[in-house]
Amino acid sequence: MTDRSPLFTPFRLGTLDLPNRFVMPAMQRGMCENGSPKPELAAYYARRAQGGVPLIIGESSAIDHPSATIQPNSSWLTARTQHAWARCVDAVREAGGQMLLQLWHEGAVRNDDDALSPSGLVHPGKANGRAMTREEMTAIGEGFVRSARVARNVGAAGVEVHCAHGYLLDQFLWHGSNVREDGYGGADIADRVRFPAEIVRAIRAECGPDFLISLRFSQWKEVAYDAKVAADPVELERMVTTLREAGVDVLHCSTRRFWEAEWAGDGKNLAGWVKALSGLPTITVGSVGLDTDVMTTFIEGKNLASRIPEAMAELEARLAVGEFDLVAVGRALIGDPDFVRKLECGDRETIRTFARADLGSLEWDTSIIEEAHRAPA
Ligand SMILES: Cc1cc2nc3c(=O)[nH]c(=O)nc-3n(C[C@H](O)[C@H](O)[C@H](O)COP(=O)(O)O)c2cc1C
């Protein structure tokens, strides 16, 4: 691959001048203790920045509200953990990169009776915890803002609001988990997007115009692969336009395989549709360089094969026509921190392929997710 590849052309994202189109997406790696990133997490991020990734998104961090998670190995983004996060941001910057920190609340995926969510539903037919009161929504929104303020104070270029994969804010977006009747849920996408948009607007007001806000969303859920937040392009347009008006700078469109068309009749993937409908920059993601998607890795523990030549040719073709702007690479960057540098140097053959064993033993409670796949609703 030559340096004329569209993957290696610069891109200006907000105030950031990115030298190429690669992003490392948020990935929990079990390198936190008592909610704080250990030094090895800072070194792990910095190593990927050294390997040529200009924008690193920190692993999902619980926002500053006690209901955000009970996962023992998760990070938190609060005043208590800010020094450890500052170490990550500084290490990445010294290696030539920039960081966004990801703001996360588990919602009904939190597996206990105290879980809070829009309607007490994980997915249709599966109840867990209870529906949040309006007062709790206000308090959780304030928790998102406090955590965004911590991200700004530690020098992150911005935050990514985690609105994907079936966690709290995605539970608001999806009708299957949001049947509220108070203007924040139900059949109308304009109601379901209201709470995420209010959170974005509050972060923007708190952190100012130069602070990057990415919002990550997905149609699919860890508990329901075929779910759709937006049934068609009309609904998608209403959703992404609302988010843009609230202050989102970039939409990170999570799919399990980047090459899949979002709707029949048009080859564009989700990031392609969102870019066209919102006018915002978009990030695509999903099995770049690999033949097996992330959930198959988690649930079936299946091993993977490299798919680098196909992936790069397809990404270049799609970037060349402006379908999306940036490309997130997850597992392939766990497998080889020099993935980007090696592509740039035409050194593909030496790229080490990610293996399931690279994840080590994941000490997450995934019981709700596994149950959903045993007995789909
Ligand atoms: C170990 C691991 C942890 C993950 N943790 C998160 C997370 O914290 N937040 C998030 O939004 N996505 C998370 N994901 C999903 C990834 O960000 C990414 O979307 C997914 O792995 C697909 O990209 P890939 O096919 O290039 O791996 C995780 C994925 C992996 C493999």
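Which residue is the bridge partner of alanine 62 in S9? In S9, that partner is tryptophan 104. The structure is a predicted model, in which local features need pLDDT of at least 70 and side-chain atom pairs count only at pLDDT 80 or more, while totals for chains, interfaces and linings use all residues. Residues are numbered from 1 along each chain as its sequence is written. Helices (H or I, at least four residues) and strands (E, at least two) are DSSP runs, numbered from the N terminus.

- Seven of the seven residues of strand S9 (residues 98-104) are buried, so the strand is largely enclosed by the rest of the structure; a residue is buried if 20 or more other C-beta atoms lie within 10 Å of its own, exposed if 12 or fewer, and partly exposed in between, with C-beta atoms placed from the backbone.
- In a regular strand the side chains alternate between the two faces of the sheet.
- Gln98, Leu100, Gln102 and Trp104 point one way from S9, whereas Met99, Leu101 and Leu103 point the other way.
- Two strands pair if DSSP finds at least two bridges between them; S7 (residues 61-62) pairs with S9 in the parallel sense over two bridges.
- Strand S6 (residues 55-57) runs parallel to S9 and is joined to it by three bridges, with isoleucine 56 standing opposite methionine 99.
- S14 is also parallel to S9, to which four bridges join it, and leucine 100 has glycine 158 of S14 as its bridge partner.

**Shell around the ligand**

- Pro25, Ala26, Ser60, Gly330 and Arg331 come nearest among the 21 residues around the ligand, where a residue counts as near if its C-beta atom, placed from the backbone, lies within 6 Å.
- Strand S14 (158-165) and helix H11 (331-335) each supply at least two residues of this shell.

**Helix H7**

- The 14 residues of helix H7 (residues 233-246) should span 20 Å at 1.5 Å a residue, and the end C-alpha atoms are 20 Å apart, which agrees; the expected span is 1.5 Å times one less than the number of residues.
- Leu236, Met239, Val240, Leu243 and Ala246 are buried in H7.
- The exposed residues Val234 and Glu245 are carried on the face of H7 turned away from its buried side.
- Just after H7, glycine 247 takes a positive phi of about 125°.
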